[in-house]
Each structure stands twice: as structure tokens, then as C-alpha cells.
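Biologist: I'd like to learn how to read a fold like this one. Could you take me through it, feature by feature?

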Amino acid sequence: IELDGRSWWFVDTAGIRRKMHRTTGADYYASIRTQAAIEKAEVALVLIDGSAPLTEQDVRVVQQVIDAGRALVVVTNKWDLVDEERQKEIKNELERELVQVQWAPRINLAARTGWHTNRLARALDAAVEGWTTRIPTGRLNAFMGELQSATPHPVRGGRQPRILFTTQVQTAPPRIVVFTTGFLDAGYRRFIERRLREEFGFIGSPIQIGVRVRDRRRRR
């Protein structure tokens, strides 16, 4: 497909509407093909039918994209067929059901008329850029040092884990490893991810954060 004068390779997958535990026959094989397509992709466009309520399968496919470490753009189609009341409902559904992917670009469009389809290329570019972002180690450690000084990890069991060193070990998707003196709570890891996004963007991309605890008692 040509968008803004550039060629893009899209792999279309069959829609899956049933709940997963009832998925059989054609729906079952469609789900297998969807997983395979996601794993081969750089960025996934998850298409939502704006004229119908958000489904369990919509949320599941989004989670498949995250688990596969792919960039993500959420597209709501048939915007021309719904009234203002339904448009508000859609926005509320997405905020509630896809709260874990607030970092993903969202586009409302009407494929039938072409309305807002010109926004696809820009969203795809932003997602791929976020997916391939690399932060220099020096800049990343300076940022993490400031973050820890301003908001240290809570004390747990009489101990307070400290961040010793941070490095980005890969892109596509970005994977960041944090070396610490103790395990970091899930809430603190989410806080780190939120602040990383505020500082460096990572638009449209999941971020994988690994924690490695260094036992100083073994050092001589």
C-alpha cells in the first residue's frame, strides 16, 4: 500500500469475534494466523469496529501485540456511522479497557469515505520511531540518578533498594536493564516506565524493563 508516497507492506488478518474459550474452526485458525502475523510485523494496526462495543478479542489482540514486543497503533473504524453519544462511549471504552496502552497512537477514521486515513502514515512513523529509540547509557544513567534522588524506592522490610546502573540493551522493542541492590516493586517499575516515556517518548512501543539484583556481600 502506498501512503504519502512510500510503500508499506500490510498483512491483513481475518476478524475474530468469539470469546477465546469458544474459538473453534475458522476462528481458531484465524487466531493462529493473527499471532503469526504479529510476530513477523514491526508495527501492528489493531482495527476496532466503532459501531459495536469493544470485544474481549479486541483486548486480547492488543495484549498479543504487547507480549510480542511490537509497536502498536489503535485504529477505530466506521467513525462516520456513529453519533456523538457513541463516540463518547468508544473513547470511554478504550480508556477503560486499554488503559495499559495509553502510549499507543489512536486514530479515528472512516475507511468507506477515506476520512482521516491520511493520518495513518504519521502514526506508523511515530510508532516505529518509538520502537527503535535508543537512549545513550550516559544520558539514561543521569536521568535515573535524578529520578531516584527525587523519588527513591519505598523501604521494604527495613531495606531500601537502590539503583546502581541502568543500560538499554536492545531496541525493537526497547529493553532496559536496571542493576539494583534489591528487587524493585511492580509499582516502582511502572513509575520508572511512566517517567521514561515522559522524558524520552517511546511513542507506540512497549518498553521491557528487567531488574538484576547485585549481591554486594559476594564482592571482595
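Predicted model: local features only at pLDDT ≥ 70, side-chain atom pairs only at ≥ 80, totals over all residues.

Biologist: Which residues of the largest nonpolar core touch the most other members?

Modeller: That core has 20 residues, and V46, V62, L72, L98 and V101 come out on top for touching other members. At least two residues each come from β3 (43–49), α2 (56–68), β4 (71–77) and α3 (84–97). The top contributor is α2, with five residues. Take V62: setting aside neighbours within four places in sequence, V62 is in contact with V46, L72, L98, Q100 and V101. There's also a second, separate core of 16 residues, including I135, L147, L196 and I207.

Biologist: What about Q64, buried or exposed?

Modeller: The cut-off for buried is under 20% relative accessible area. Q64 has 8% relative accessibility, so Q64 counts as buried. You'll find Q64 in helix α2. Beyond the neighbours within four places in sequence, Q64 is in contact with T34, Q35 and I38.

Biologist: On to the sheet, then. What is the strand order?

Modeller: Two strands pair if DSSP finds at least two bridges between them. Here an open sheet of three strands runs β3-β4-β5, with parallel pairing. β3 and β5 (106–108) each have a single partner strand and stand at the edges, so one side of each has no neighbour in the sheet. Ignoring direction, neighbouring strands are turned by 20 degrees against each other on average. Between β3 and β4 there are seven bridges; for instance, A44 has L72 in β4 as its bridge partner.

Biologist: Which helix lies across those strands?

Modeller: That's α4 (residues 120–131), which lies across β3, β4 and β5 and runs at about 155 degrees to β4.

Biologist: And where do the buried residues of α5 sit around its axis?

Modeller: First, the helix itself: α5 (residues 137–150) has 14 residues and reaches 20 Å from first C-alpha to last, close to the 20 Å expected at 1.5 Å a residue. Its buried residues are L140, F143, M144, L147 and Q148. Looking down the axis of α5, you see them within an arc of 130 degrees, so they line one face of the helix. Their cover includes β6 (163–170), β7 (175–180) and α6 (186–200). The face turned away from the buried side carries the exposed residues G138, E146, S149 and A150.

How values were computed:
Residues numbered from 1 in each chain as written. Heavy atoms only, no water. Helix = DSSP H or I, 4+ residues; strand = E, 2+ residues; numbered from the N terminus. Expected span 1.5 Å × (residues − 1). Buried < 20%, exposed > 50% of the residue type's maximum accessible area, 1.4 Å probe, protein only. Arc of directions from axis to C-beta. Contact = heavy atoms within 4.5 Å. Core = buried A, V, L, I, M, F, W, Y, C linked by side-chain atoms within 4.5 Å. Axes fitted to C-alpha atoms, helices over the stretch in contact; angles between N-to-C directions.
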